[in-house]
Amino acid sequence: MASKKIKIEGSKGKATQGEGKPELLRVEVGGLRAKSFQLSVGALEQALLAEFPAADAEEWDRTGLLVGDPAAPVRAVAVALDPTVSAIDAAADAGANVLVTHHPAYLTPPTSFQPASSPALNSGAVVYRAIQRGVALMNFHTALDVSARAQRMLPGMLGLSLRGVVEPKAGCAEKGYGQLCAPAEKMTLGQLAARCTSVFGRAPRVWGSFDRAVRAVVTCTGSAGPTGRAALAAGADVLVAGEVKYHDALDLSQAGMAVIDLGHDTSELPFCGVLAASVRDAGVPDELVAVVSQRDRWSYPEAVRV
């Protein structure tokens with residue numbers, strides 16, 4: 001089966017099917033092409049933990065294999081941002097028996113396990129579906145957030161020069177939260193926001209004057225949390241983050257720092273490309289790695305003049 005070049009989730013491109021029926025971005029028809037190789041689910045987990053150690057994750061987080069048999073052989077691997085019921089079905093339908101995600105299937109253990117389309121209907125719906133379809137679930141959430149690869153992702157996509165980490169992990173200056181960056185050329189806040197729109201294909205929410213000069217930028221995937229104040233302390237002109245709470249954005253903007261709010265999933269969908277590359281580095285052949293599209297779950301309404 002011919003395969004498409006891998007597409008980095010979150011970057012601008014042709015829209016694919018929404019969450020109602022996810023599409024594997026590297027699959028044109030049928031399932032993933034079989035290829036003989038030997039790797040167990042547990043061995044894949046250990047290879048990924050070597051790059052994204054559980055010790056780097058927050059203590060409240062869950063990291064690594066959550067559902068599945070570590071002794072089972074890997075047939076093929078699907079990668080997604082979220083381990084939804086529909087993502088599990090998309091993986092299984094294409095022949096993958098492992099789904100590697102950024103976000104975990106759960107933080108608080110489910111209270112029951114019943115068939116449902118979402119944990120909103122039953123807390124154990126994802127676990128139930130994974131076992132039913134024979135798909136192992138593993139994730140590398142905050143361990144991926146602080147990784148060396150993660151530090152280069154947003155700055156690289158936005159053409160920014162990485163200068164350092166504003167909230168480094170203890171004993172490791174290359175890991176942590178928030179990337180302090182500098183633009184390669186003179187830039188205004190409006191130009192940086194326009195670049196974000198072009199790269200991610202979605203208009204961000206912007207706090208600040210568009211004609212403001214930008215000399216120092218802090219990028220942050222997902223929820224900014226305390227990274228916003230760390231960026232302010234580092235002298236950043238603007239924080240580019242996946243998600244900033246209203247009162248946090250208000251306080252930061254009133255303190256003199258601009259904010260570009262990309263959207264939580266928009267900022268983290270590119271992690272699918274990072275995880276896919278790590279899965280290939282672990283020994284899974286390229287043609288047996290696919291990415292589940294979860295880009296078009298929500299949309300902006302068209303402007304209507306009444």
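**View 1. Thr-101 and its opposite residue in strand S4.** Thr-101 stands opposite Asn-139 in S4. The model shown here is predicted; local features need pLDDT of at least 70, side-chain atom pairs count only at pLDDT 80 or more, and totals for chains, interfaces and linings use all residues. Residues are numbered from 1 along each chain as its sequence is written, and side-chain values use heavy atoms, with hydrogens and water left out. Strands S3 (residues 98-101) and S4 (residues 136-140) run parallel and are joined by 4 bridges. Two strands pair if DSSP finds at least two bridges between them. Strands (E, at least two residues) and helices (H or I, at least four) are DSSP runs, numbered from the N terminus.

**View 2. The open sheet of 5 strands.** The strand order is S1-S4-S3-S2-S11, and the pairing is mixed. Strand S1 (63-67) and S11 stand at the edges with a single partner strand each, so one side of each has no neighbour in the sheet. From one strand to the next, the twist averages 25°; axes are lines fitted to C-alpha atoms, for helices over the stretch in contact, and angles run from 0 to 180 degrees between N-to-C directions. Strands of a sheet pair through backbone hydrogen bonds, either parallel or antiparallel.

**View 3. Gln-294 in the segment after S11.** Gln-294 is found in the segment after S11. The relative accessible area of Gln-294 is 1%, which makes this residue buried (buried means under 20%, exposed over 50%, partly exposed in between, with a 1.4 Å probe and protein chains only). Gln-294 and Asp-82 are 212 residues apart in sequence, and their C-alpha atoms are 8.0 Å apart in space. The side chain of Gln-294 reaches the backbone oxygen of Asp-82 at 2.9 Å. A polar atom of the Gln-294 side chain also lies 3.1 Å from the backbone nitrogen of Leu-81.

**View 4. The salt bridge between Asp-93 and Arg-133.** The two side chains meet at 2.7 Å, N to O. A salt bridge is a side-chain nitrogen of Lys or Arg within 4 Å of a carboxyl oxygen of Asp or Glu. Asp-93 lies in helix H2 (residues 85-93) and Arg-133 in helix H3 (residues 125-133), so the pair ties together parts that are 40 residues apart in sequence. Asp-93 is exposed at 55% relative accessibility, and Arg-133 is partly exposed at 27%.

**View 5. The salt bridge between Arg-149 and Asp-281.** The closest N and O atoms of Arg-149 and Asp-281 are 2.6 Å apart. Because Arg-149 belongs to helix H5 (residues 148-157) and Asp-281 to helix H10 (residues 271-281), the pair ties together parts that are 132 residues apart in sequence. Arg-149 is partly exposed, with a relative accessibility of 24%, while Asp-281 is exposed, with 56%.

**View 6. The salt bridge between Asp-296 and Arg-202.** The N to O distance between these side chains is 3.9 Å. Asp-296 is in the segment after strand S11 (289-291) and Arg-202 in the loop between helix H6 (189-200) and strand S7 (205-207), 94 residues apart. Asp-296 is partly exposed, with a relative accessible area of 24%; Arg-202 is buried, with 11%.

View 7. In the whole structure, a search finds 14 salt bridges.

Methods:
A polar contact is a pair of N or O atoms within 3.5 Å; within protein, one must be able to donate a hydrogen and the other to accept it, and residues adjacent in sequence count only if both atoms are side-chain atoms.
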